[in-house]
Amino acid sequence: MASEATSQSKGKGKGYFTWTPEMDRVMGTCFIDQMNQGNKLDGKCAWKTAAYTVVMNALFDKLNISVTKANILSRFKTWEKHYDILYPLLQSCNSGSAIIWDYSRGRIDVRDEDVWNVRVSENPKILPYRKKIVVENWEDICTLFSQDRANGEGAQTVFEANVETEVEESANVEESFETDSRSLEDEVMNALLARQRSKSKASSSTNDRGTKRKLTSSQVLYKVLGRMADSLDKYLNSECSKVTTKMVEDELSKIELDRFQLLKGIDLHMNDRTKYDTFSGLGDDLKKDWLLMHIGN
């Protein structure tokens, strides 16, 4: 089983730096985290300097191994080569395909030799990935390189689809904060108006006390926005933002439902503040029709 290595130097017989599976795991985990934090730039192997620093520190802290940015870039090129060779072969494969990826061994698993021979004749570069080259971090490589290769509307990987679903679900909570947002906006405006009214008084007071520094309107706004963020965080973590079983039962008791409809109604509203607020805000003559529409009766 061949080990993979990247070169630190072009000199023959020396200067070689060997990467281990443990190093690949640490590097992959760090770069995925940095990508999620927005430190990935457009282009292949393009990252903010902070991302490389995080990876170098993590490799030293976890494995006591010192690497340079050049080492990391070299390893990225190796990962990129794996992706360019394997992804066209594996992108349409599933558990029932003639050729699949064996995650436990980090290799291609062939179930139909005839199909394999045809694919090798089309692209001989895939041949070593069956028995010689081991890629234990294939999932990390797909996560890191798929965004650079996705082109056109609808180009998407399995990993991106999962993230997109989570984003769509989280967007549903926006409506429930509309009233609170308006009150927070009022707080900003009131603070700015108060600042304007006290401007002349603050100016004369400053002359009496020397060179006391005054806050600008922008600084006041930043402070108010900070309080807004704190208020929103407290709201998200407060009990008042949660829907309880008693709250749902109280609302459902206002309309005539059989036992099955009642249970489905509770299931619909629990942990969904938007649906609960919509239902509770309807008139009693509309509640039942709205509920039956959503539970499918």
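**Close-up 1. Phe76 and Phe145 are both buried.** Buried means under 20% relative accessible area, with exposed over 50% and partly exposed in between (1.4 Å probe, protein chains only). This is a predicted model: local features need pLDDT of at least 70, side-chain atom pairs count only at pLDDT 80 or more, and totals for chains, interfaces and linings use all residues. Residues are numbered from 1 along each chain as its sequence is written, and side-chain values use heavy atoms, without hydrogens and water.

**Close-up 2. Eleven aromatic pairs occur in the structure.** Rings of Phe, Tyr and Trp (its six-membered ring) pair if their centres lie within 6.5 Å; planes under 30 degrees apart are stacked, over 60 edge-to-face, the rest tilted. Phe76 and Phe145 are edge-to-face, because their centres lie 5.8 Å apart and their planes meet at 70 degrees. Phe76 belongs to helix α3 (residues 69-90) and Phe145 to helix α6 (residues 138-149), 69 residues apart. Helices (H or I, at least four residues) and strands (E, at least two) are DSSP runs, numbered from the N terminus.

**Close-up 3. Trp101 and Trp138 form a tilted pair.** Their centres are 5.7 Å apart, with 40 degrees between the planes. Trp101 sits in strand β3 (residues 99-102) and Trp138 in helix α6, so the pair ties together parts 37 residues apart in sequence. Trp101 is buried at 9% relative accessible area. Trp138 is buried too, at 3%.

**Close-up 4. The charged end of Lys40 sits over the ring of Trp47.** The distance to the ring centre is 5.5 Å. The criterion: NZ of Lys or CZ of Arg within 6 Å of the ring centre and within 35 degrees of the ring normal.
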